[in-house]
Amino acid sequence: MNGLDSLYQELILDHSKHPRGQGLAPEEGRTASSHQHNPMCGDDITLRVRVDDAGQRLVDLSWEGSGCSISQASASMLASLVEEDGGEEGLPREDATRLIEGFREALRSRGTIPLDEETYADAAALSGVSKFSARVKCAMLAWVALEDALARA
């Protein structure tokens, strides 16, 4: 294993053991939730979003779940990314959609499209998952939940 792979593995384990954004925030204002289940390995994620009154900015994301370290780390990385990119004003909805689409494309690429670290921050560590088709659903679970919750909001 090279140094970069080792670092990525450490990031995944850190997010899995010390998840960010975990614990569903109370429903307030304009919120929507999505529950997703991965029958392949039993992963479960419930993700809640809060958008601004205009419905244009994602101002809060929280989640709870159980499952493998990849699914839990991916949810944690997604929560961190939304918080970082959104700042105090929240993440524009179209930016969230672009992040989801880019993440999906990279994970379905079987390793040919790496996730950009500047764009995806710690979530770029999940690029290697794309080489293991059985694990792609684990990494995608929280991102699919976000996509569904935004569609409901």
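Modeller: Before anything else, some sorting: Ala, Val, Leu, Ile, Met, Phe, Trp, Tyr, Cys and Pro count as nonpolar, Asp, Glu, Lys and Arg count as charged, and the others, Gly among them, count as polar. What we're looking at is a predicted model, where local features need pLDDT of at least 70 and side-chain atom pairs count only at pLDDT 80 or more, while totals for chains, interfaces and linings use all residues. Residues are numbered from 1 along each chain as its sequence is written, and side-chain values use heavy atoms, with hydrogens and water left out.

Colleague: Okay, what makes up the lining of the second largest pocket: how many nonpolar, polar and charged residues?

Modeller: Five are nonpolar, three are polar and three are charged. The residues are Gln36, His37, Asn38, Pro39, Arg104, Arg108, Val136, Lys137, Met140, Leu141 and Val144. The biggest share, five residues, comes from α5. Both β1 (30-38) and α5 supply at least two lining residues each. Those names come from DSSP runs numbered from the N terminus: helices are H or I with at least four residues, strands are E with at least two.

Colleague: What makes something a pocket and something else a cavity?

Modeller: Getting out! On a 1 Å grid over the protein atoms alone, a cavity is a set of points where a 1.4 Å probe fits but cannot get out, whereas a pocket is an open set with protein on both sides within 12 Å along at least five of seven lines; lining residues have an atom within 4 Å of a point.

Colleague: How do you know how many disulfides the structure holds?

Modeller: A disulfide here is a pair of cysteine sulfur atoms within 2.5 Å, and the structure holds zero. Cysteine 138 has the sulfur of cysteine 41 as its nearest, 3.4 Å away, so cysteine 138 is in no disulfide either.

Colleague: What makes arginine 110 worth a look, in terms of phi?

Modeller: Its phi is near 55°, a positive value in a residue other than glycine. Most residues other than glycine have a negative phi. Arginine 110 is in the loop between α3 (93-107) and α4 (117-120), and its 58% makes it exposed. Alanine 121 also has a positive phi, near 50°. This alanine lies in the loop between α4 and α5 (133-152) and, at 27%, counts as partly exposed.

Colleague: What puts the buried residues of α3 on the same side or on opposite sides?

Modeller: First, the list: Arg93, Ala96, Leu99, Ile100, Phe103, Arg104, Ala106 and Leu107. They cover an arc of only 165° around the axis (taken from the directions from the helix axis to the C-beta atoms), so they sit on the same side of α3. The face turned away from that buried side carries the exposed residues Arg98 and Glu105.

Colleague: And what makes α2 mostly covered?

Modeller: Of its 18 residues, 14 are buried. After α2 comes glycine 87, with a positive phi near 55°.

Key
Buried < 20%, exposed > 50% of the residue type's maximum accessible area, 1.4 Å probe, protein only.
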